[in-house]
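Subject: A structure for you to look at

Hello,

Here is the structure I promised to pass on. Please open it beside this email, and then read on for what turned up.

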Amino acid sequence: MNNKERFTSVEEIMESYKAESYICSKQIATTLFLAYSLGKPILVEGPVGVGKTELAKTTAKYLGSELIRLQCYEGLDESKALYEWKYGKQLLYTQILKDSLDKIINNASNLTEAMDKLHQHEDVFFSPNFLEPRPLLKALQMEEESVLLIDEVDKADEAFEAFLLEILSDFQVSIPEIGTIEAKSRPLVFLTSNNTREISDALRRRCLHLYIPFPESQLESDIIQVKVPDISESLKIQLVSFIQQVRKLEIKKAPSIGETIDWAKVLLLLHIDKLSPEIVRETLSVILKFQEDVHTLDSKLDDITSKAVKETEV
Amino acid sequence: MEVILQRFFSILRESGVRISVGESLDAMNAVKLMGYSDRESFKQILSTCLVKKISEKEIFEKSFDLFFSAYMFNPRFTDSIDETGIGIQELKKDLSNISQKIIAGDQAGLMSIVRAALQSVDFRDLKLVTQQGLYIRKVMEHKGLKDIVKDMVMLSEHSYPGAGRMSMMLEKTKSKLFDYVDEYVNQQYALHNDFNDIANDENRLTNTAFSNIDQRQISAMTKVIQKLAKQLYTLHSRRRRNYKRGILDIRKTLRKNSSYQGYIFIPQWKYKKIQRPEIFVICDISNSVQNMSRFMLLFAYSLNKTLLKVRSFALCSNLTEVSHVFKKNSGEVAIDKIYRGEDIDISMGPTDYGQAFKDFKDQYLSTVKSTSTVIILGDARNNESDPKSKLLKEIQEKCKTLIWLNPEVETMWGAGDSVMDEYVQYCDIAQECNSINHLNKTLDLILRA
């Protein structure tokens, strides 16, 4: 299918993503549709593990285009994100071309003339041939439309954010030695953030904003259905109810969707069809990753489990 | 539709949501693209294009529901009455535009007149609840609406049987209209007043003395303080980065480039490693300075969270470290815990600075480095006990800078049981500090030092 036939309506997006086993809410689908139609980047925020990165991956799959991923971290700079000169290649070429360089210079009678002659050739070594494209430049150079994922942009320094502005608003970059490079095709850009640091207003302004919260019971249940199709209906309901209750507790790290899915898989492996306090205790390590959280939950575990089990008895 | 959207944007802006022109254009384009037949998706479109912060989503939700409430767009005022008695047709022609519409039951026509009246009034200055009456009158006095009254007078002069009924009809509609306008003005008040003064509030708070801050403003103050801490951090981190661009480091460059036969391809730069200043905050938490220390602790907490190595201590009859409380709890909770003395070893008797300095010297002075800054927050009211200013001198000698921030004005230092006049000679900086502005200046000083 041609890309032109993709992203035709919000409903179509929801259907197709479901086929790619990603359940997206109407809010997500609307934002995707707008981003595609208006050519705007999407800034995705939300707690850990609600499928921010997965959204970009699925979009790439759906569009049938390449996913270019840039993982941000503290100290990330232009040479890692945008481009770098191939020093080794430059060096090698100067060595190989030594003879021809000698010839050029030897014909010169004095130093100024030699320099002049060299000046006519210097750009050879700073040309696109010696350019090593990093993710951002690669995304701009793609012939086909691509999906660019700038992951955890909040982890990078503020200076890097400022540097992103040019790319995100005009889809072009300036390389001092070569000039401005414009995008051959506009990539669909996703930026994700976990809010460890406030993203600057300038960056926010250029993006559409999408907040993905933890899913409601119904949505989570649908997601599990898609990801773990073999699970029994009653266990699924109990599981979702349990997780939803745990998220309401005051704990360090609430279980994410990914962890819920893992847990569902574990329970399936163990051939369990009904939650009980003992089983929950044994498998708790799948959903809770802090010892303190396990302690917090421990006293309420029986209540929560019995409440979750009751959901299926009604 | 565009006009309505524009008005909605300006209301959001007033409420403190920052919307740029570009964003409003995006929103318009998006609405054009998707249409606005479905309320839920219309809301999502606006939300995704305009509101870029999670904290602003709530304001958006509230404003959206108020602004686009069904009542505003679909009121029902009038049923037609069919009067065809003698002379009535003549009479109808004499009626004004609005009354004709009412009599004919022309809902849409009536609504457009009402809207025109509402739009002619600028609600942006509606800030006080007492202004509502004035604004209702402004709308009702608008030419289109005022005509109803004129027509009622005119009708009462005729004695046709239909005239009375028409007059009654007008009267009834008029009172319904009044209710509608009343409701509308009420909503406008909610939109324009409620949470709109955020920008101004912040400014005002910065200048308010700590002691004058009431409970209601505390959360607002917290935000201001956190913002300030963040600003200071940005300022400081930028300075640090500048330092990194030093001069060519020849030794490092040769080493790095030895693999290229000595050709220098990757130059290495010298850079200074900047020490992050370590800060010791000693905060008086006795009742006399309670309001002030609350914010000082909050500030210490914000610093702790965002930037530097900060160790915090609480001081009353003795002194004890509270850094661990900050680490484990969120701001307000931590401060409450400190005041209740939970998890920390403090006795809340009369303030004794002498004893506190002794505790500090015995337990913590060894960790103070020559690069550290010590900040003491307190009024230096020692309840007549021994000030032991020699201990303060020792602390000063050990650290880089000793700063004393006193909530009292300088003329009060040394008055009564205050021993500030004695301490002041051992402080590198001693300042009155009683508002965010003061705090800002001082902290700037520390980071630049």
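Let me start with a term: a residue is called buried when its relative accessible area is under 20%, exposed when it is over 50%, and partly exposed in between, using a 1.4 Å probe and protein chains only. Both A:E220 and A:R247 are buried in this sense.

Some ground rules come next. This is a predicted model, in which local features need pLDDT of at least 70 and side-chain atom pairs count only at pLDDT 80 or more, while totals for chains, interfaces and linings use all residues. Residues are numbered from 1 along each chain as its sequence is written, chains are lettered from A and ligands numbered from 1 in the order in which they are written, and side-chain values use heavy atoms, leaving out hydrogens and water.

**Salt bridges**

A salt bridge here is a side-chain nitrogen of Lys or Arg within 4 Å of a carboxyl oxygen of Asp or Glu. Over all chains there are 28 of them. One joins A:E220 and A:R247, at 3.0 Å from N to O. Helices and strands are DSSP runs numbered from the N terminus (helices: H or I, at least four residues; strands: E, at least two). On that numbering, A:E220 sits in helix 11 (residues 217-227) of chain A and A:R247 in helix 12 (residues 233-248) of chain A, 27 residues apart, and the pair links distant parts of the chain.

In chain B, B:D65 and B:R39 meet in a salt bridge of 3.7 Å, N to O. B:D65 belongs to helix 4 (residues 54-67) of chain B and B:R39 to helix 3 (residues 39-50) of chain B, so the bridge ties together parts that are 26 residues apart in sequence. B:D65 is partly exposed, at 39% relative accessible area, and B:R39 is partly exposed too, at 40%.

Is B:D147 buried or exposed? B:D147 counts as buried because its relative accessibility is 12%, whereas B:K150 is exposed, at 59%.

Salt bridges also link A:D201, B:R18, B:E23, B:K52 and B:K53 into a network.

**Nonpolar cores**

In soluble globular proteins, nonpolar side chains tend to be buried together. A nonpolar core is a set of buried Ala, Val, Leu, Ile, Met, Phe, Trp, Tyr and Cys residues joined through side-chain atoms within 4.5 Å. The largest one has 83 residues, and those with the most contacts inside it are A:L55, A:F190, A:F242, A:W263 and B:L46. Helix 2 (residues 26-38) of chain A gives the most to this core, with seven residues. A second, separate core has 36 residues, including A:L76, A:Y83, A:F125 and A:L131.

Contact means heavy atoms within 4.5 Å. Leaving aside neighbours within four places in sequence, A:L55 touches several residues, among them A:Y17, A:I28, A:F190 and A:I212.

**Aromatic pairs**

Rings of Phe, Tyr and Trp (its six-membered ring) pair if their centres lie within 6.5 Å; planes under 30 degrees apart count as stacked, over 60 as edge-to-face and the rest as tilted. The structure holds 23 such pairs over all chains. B:Y36 and B:F42 make an edge-to-face pair, 6.3 Å centre to centre with 65 degrees between the planes. B:Y36 is partly exposed, at 47%, while B:F42 is buried, at 5%. The rings of B:F313 and B:Y364 have centres 4.7 Å apart and planes at 55 degrees, so this pair is tilted. B:F313 is buried, at 0%, and B:Y364 is buried, at 11%. Ring pairs also link B:F8, B:Y36, B:F42, B:F60 and B:F64 into a cluster.

**Chain B as a whole**

Chain B has 21 helices and six strands. Of its 449 residues, 50% are buried. Residues 24 or more positions apart account for 73% of the contacts in chain B with a separation of 6 or more.

Enjoy exploring!
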